[in-house]
Amino acid sequence: MPPERIEKCPICRADSKQVVIGEPAGMKVECERCYRFEYVARAELELRELCNDFHDLRSWLRSESARQRGPYRFYPSGATVPADEPLSLTVEQALSISNMPSIPERLNRALTNISRLGRRAGEVVQFKVPEDWPLLYARSEEEAHYTLTALHAMEYLTDPPAGSIPRAVISPKGWERVEDLESVAGSKQVFVAMALGEPDPGKPDTKAAFKHGIAPAILRPKLGHRSRFEPFPVWEKPHSNKICEEILLEIRRSRAVVADLTYQRPNVYFEAGYAKGRGIPVIWLCHEDHFDSKKNDEGYYAHFDVRQHQCIQWREPEDILEQLPNYLEAILTP
Ligand SMILES: [Zn+2]
């Protein structure tokens with residue numbers, strides 16, 4: 001392991017812990033204000049020159065960390081981001097995602113972040129000063145104070161901010177608002193339900209199908225508009241019955257669900273059915289072996305009722321990359 005050193009964070013210029021990474025050469029940064037991210041060396045100058053934009057980028061990175069997503073890796077604008085790195089993006093893409101100038105939008109985002117830090121009813125969320133201001137989409141103590149005061153005035157928080165270490169508790173009305181905000185309409189998330197694990201040799205490789213087919217298809221759909229959709233593969237979070245509610249919440253937050261039926265996992269059918277019941281569109285995928293009982297000896301077979309629906313049959317990840325963007329385009333174009 002290369003040694004960790006203290007350097008200025010290229011985004012916010014505060015002291016941060018940094019470690020050199022190779023392939024591609026760059027740095028891994030752990031910053032108390034921007035959280036964790038990586039950048040390839042060629043993107044460093046661009047990040048350092050962000051000037052006025054860095055506050056929004058920092059808030060976006062912190063919001064993503066509150067959702068337990070990351071670390072992201074930054075490439076210079078105009079560079080080709082490797083297709084198998086779903087959490088990599090150029091500085092230009094990062095700025096277009098994070099750029100949110102309107103005050104109401106900032107208040108919405110701040111409330112959502114508070115709800116992610118304290119999921120239980122009545123939980124007190126305490127903010128570190130000043131490292132946590134980006135979570136409130138604030139650049140200064142005054143802005144943070146304003147945000148908390150405004151959220152209280154709108155009756156989304158139980159108490160007004162008081163004292164030098166601010167805290168927040170979401171009110172019942174605030175939780176209703178959070179649910180509205182996370183509803184399907186505003187979401188850029190595409191939930192991916194599929195079998196996990198390493199494939200046996202010669203068997204359908206669902207891991208490669210995600211990495212080289214599904215993820216790049218979602219990240220770069222052939223959409224005319226600028227929005228960028230993000231895959232939410234369910235195995236990014238530890239899978240147990242205890243977090244089942246959390247999985248359902250993530251489905252409710254999604255604009256669409258991509259359900260790969262390869263290996264016939266019951267949870268995939270369950271998650272896709274749940275989404276359909278909530279009016280969230282489902283795109284079906286399945287390895288082509290499962291349509292021909294002679295081709296697979298384990299007896300996997302795409303279930304009859306699902307076979308009525310249109311389904312992308314794939315042999316290689318490239319088949320998915322070729323067809324999925326068209327389905328996404330049809331569903332996600334406003
Ligand atoms: Zn920083």
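Select Ala-144, Thr-147, Leu-148 and Leu-151, which are the buried residues of helix α5; a residue is called buried if 20 or more other C-beta atoms lie within 10 Å of its own, exposed if 12 or fewer, and partly exposed in between, with the C-beta atoms placed from the backbone. Helices (H or I, at least four residues) and strands (E, at least two) are DSSP runs, numbered from the N terminus.

Before going on, note what kind of model is on the screen. This is a predicted model, in which local features need pLDDT of at least 70 and side-chain atom pairs count only at pLDDT 80 or more, while totals for chains, interfaces and linings use all residues. Residues are numbered from 1 along each chain as its sequence is written.

**Stop 1: helix α5**

Look down the axis of α5, and its buried residues fall within an arc of 90°, so they line one face of the helix; the arc is that of the directions from the helix axis to the C-beta atoms. On the other side of α5 you can pick out Glu-142 and Ala-153, which are exposed. Now show α4 (103–117) and β8 (167–168), which are among what covers the buried residues of α5; contact here requires that the C-beta atoms of two residues, placed from the backbone, lie within 7 Å.

Why do the ends of α5 lie where they do? At 1.5 Å a residue, the 13 residues of this helix (residues 141–153) should span 18 Å, and its end C-alpha atoms are 18 Å apart, which agrees; the expected span is 1.5 Å times one less than the number of residues. Just after α5, select Glu-155, which takes a positive phi of about 70°.

**Stop 2: Asn-113**

Move to helix α4 and select Asn-113, which counts as buried because it has 22 C-beta neighbours inside 10 Å. Leaving aside residues up to four places away in sequence, Asn-113 touches Ser-63, Ala-66 and Leu-135.

**Stop 3: the open sheet**

Next, colour the 6 strands that form an open sheet in the order β1-β2-β3-β4-β5-β6, with mixed pairing; two strands pair if DSSP finds at least two bridges between them. The edge strands are β1 (5–8) and β6 (88–90), each of which pairs on one side only. Within the sheet, β3 (residues 26–31) and β4 (residues 35–40) pair in the antiparallel sense over 6 bridges, and Gly-26 has Val-40 in β4 as its bridge partner. Helix α3 (residues 91–98) lies across β5 (72–75) and β6, running at about 90° to β6; axes are lines fitted to C-alpha atoms, for helices over the stretch in contact, and angles run from 0 to 180 degrees between N-to-C directions.

**Stop 4**

Most residues other than glycine have a negative phi, and most peptide bonds are trans. With this in mind, select Glu-23 in the loop between β2 and β3, where Glu-23 has a positive phi of about 50° although it is not a glycine. The peptide bond from Glu-23 to Pro-24 is cis, with omega near -5°. Glu-23 is exposed, because 6 other C-beta atoms lie within 10 Å.

**Stop 5: the largest nonpolar core**

Which residues have the most contacts inside the largest nonpolar core? They are Val-192, Ile-214, Val-257, Val-258, Ala-259 and Leu-285, in a core of 34 residues; a nonpolar core is a set of buried Ala, Val, Leu, Ile, Met, Phe, Trp, Tyr and Cys residues joined through C-beta atoms within 7 Å. Among the elements that each supply at least two residues of this core are β9 (189–193), β11 (256–260) and α11 (317–332), and α7 gives the most, with 7 residues. Apart from it lies another core, of 21 residues, including Leu-57 and Trp-60.

Strands β12 and β13 run parallel and are joined by 4 bridges, and Leu-285 stands opposite Ile-312 in β13.

Finish in helix α11 with Leu-328, which is buried, with 23 other C-beta atoms within 10 Å. Leu-328 and Ile-218 are 110 residues apart in sequence and 7.5 Å apart in space, C-alpha to C-alpha.
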